[in-house]
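The following paragraphs lead the reader through a single protein model. Please keep the sequence and the coordinates at hand while reading.

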Amino acid sequence: MVRPHLGAGSPTMTASGALIIDERDERLVSIGAPLYQAHCASCHGANLEGQPDWRRRLANGRLPAPPHDESGHTWHHPDNMLFEITKYGTAALLPEGYETDMGGYENILSDEEIRAVIAYIKSTWPDHIRQRHRQMNEAAQR
């Protein structure tokens, strides 16, 4: 796969080290949309709807993939956390022994591609959710 060059307009780090991913960057979103479909949609849904009964544990004790639309909890996490979950997998951020089907994409997607996928996901949220998420990112910077 040829990796697109994301350039200098890519998501930035603030002075406090917080990652800010701008979902209004149309170029970034256009790169993230097909990456989402290729790498995320099989679990999280082509329309970001997640798996059925995503809040209820499966027989194996794991949770189904949550939606990334406004009905899920993705927007409850700042960009830094979304990036880390995607790059390293959910289990890497939780206590040892936590089991999940969400592995990391560290060896599959570049950092820029991960940011592009997150920008795409965020771009689908309604304005009021995007505003709340921006406020959360600002609070995470403090």
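Predicted model: local features only at pLDDT ≥ 70, side-chain atom pairs only at ≥ 80, totals over all residues.

Setting aside residues up to four places away in sequence, Tyr88 touches Gly104 and Glu106. Tyr88 and Glu106 are 18 residues apart in sequence, and their C-alpha atoms lie 6.0 Å apart in space. Tyr88 belongs to helix 3. With a relative accessible area of 39%, Tyr88 is partly exposed, because that value falls between the limits of 20% for buried and 50% for exposed. Just after helix 3 comes Gly89, which takes a positive phi of about 95°.

The protein holds five helices and two strands, and from the N terminus on the order of its elements is β-β-α-α-α-α-α. Of its 142 residues, 41% count as buried. Among contacts between residues at least 6 apart in sequence, 54% join residues at least 24 apart.

Helix 3 contributes to the buried part of the protein. Its buried residues are Asp79, Leu82, Phe83, Ile85, Thr86 and Lys87. What covers them includes strand 2 (residues 19–20), helix 4 and helix 5 (residues 127–141). At a relative accessible area of 9%, Leu82 is buried, because the value is under 20%. Apart from its neighbours within four places in sequence, Leu82 is in contact with Thr74, His77, Ile118 and His133. The C-alpha atoms of Leu82 and Leu19 are separated by 9.7 Å, although the two residues are 63 residues apart along the chain.

Which residues touch the most other members of the largest nonpolar core? Among the 24 residues of that core, they are Ile21, Tyr36, Val117, Ile118, Tyr120 and Ile121. The elements that give two or more residues to this core are helix 1, helix 3 (79–88) and helix 4. Helix 4 gives the most, with seven residues.

The axes of helix 1 (residues 26–39) and helix 4 (residues 111–123) come within 7 Å and cross at roughly 95°. Helix 1 is therefore roughly perpendicular to helix 4, because angles of 65 to 115 degrees count as such. On the side of helix 1, the contact involves Leu28, Val29, Ile31, Gly32, Ala33, Leu35, Tyr36 and Gln37; on the side of helix 4, it involves Glu113, Arg115, Ala116, Val117, Ala119, Tyr120, Ile121 and Ser123. By class, this contact of helix 1 with helix 4 has eleven nonpolar, three polar and two charged residues.

A disulfide is a covalent bond between the sulfur atoms of two cysteines. How many disulfides does the structure hold? The structure holds zero disulfides. The closest cysteine sulfur to that of Cys40 is in Cys43, 8.8 Å away, which is too far for a bond, because a disulfide requires sulfur atoms within 2.5 Å. Cys43 is likewise in no disulfide, and its nearest cysteine sulfur is that of Cys40. As for accessibility, Cys40 is buried, with a relative accessible area of 12%, whereas Cys43 is partly exposed, with a relative accessible area of 38%.

Most residues other than glycine have a negative phi, and most peptide bonds are trans. Phi of Leu48 is near 65°, a positive value in a residue other than glycine. Phi of Asp53 is near 50°, also positive in a residue other than glycine. Leu48 is found in the loop between helix 2 (41–44) and helix 3, and Asp53 is found in the loop between helix 2 and helix 3 as well. Is Leu48 buried or exposed? Leu48 is buried, with a relative accessible area of 4%. Asp53, in contrast, counts as exposed at 55% relative accessibility, because the value is over 50%.

Terms used
Residues numbered from 1 in each chain as written. Heavy atoms only, no water. Axes fitted to C-alpha atoms, helices over the stretch in contact; angles between N-to-C directions. Helix = DSSP H or I, 4+ residues; strand = E, 2+ residues; numbered from the N terminus. Parallel < 35°, antiparallel > 145°, perpendicular 65-115°, else oblique. Contact = heavy atoms within 4.5 Å. Nonpolar A, V, L, I, M, F, W, Y, C, P; charged D, E, K, R; others polar. Core = buried A, V, L, I, M, F, W, Y, C linked by side-chain atoms within 4.5 Å. Buried < 20%, exposed > 50% of the residue type's maximum accessible area, 1.4 Å probe, protein only.
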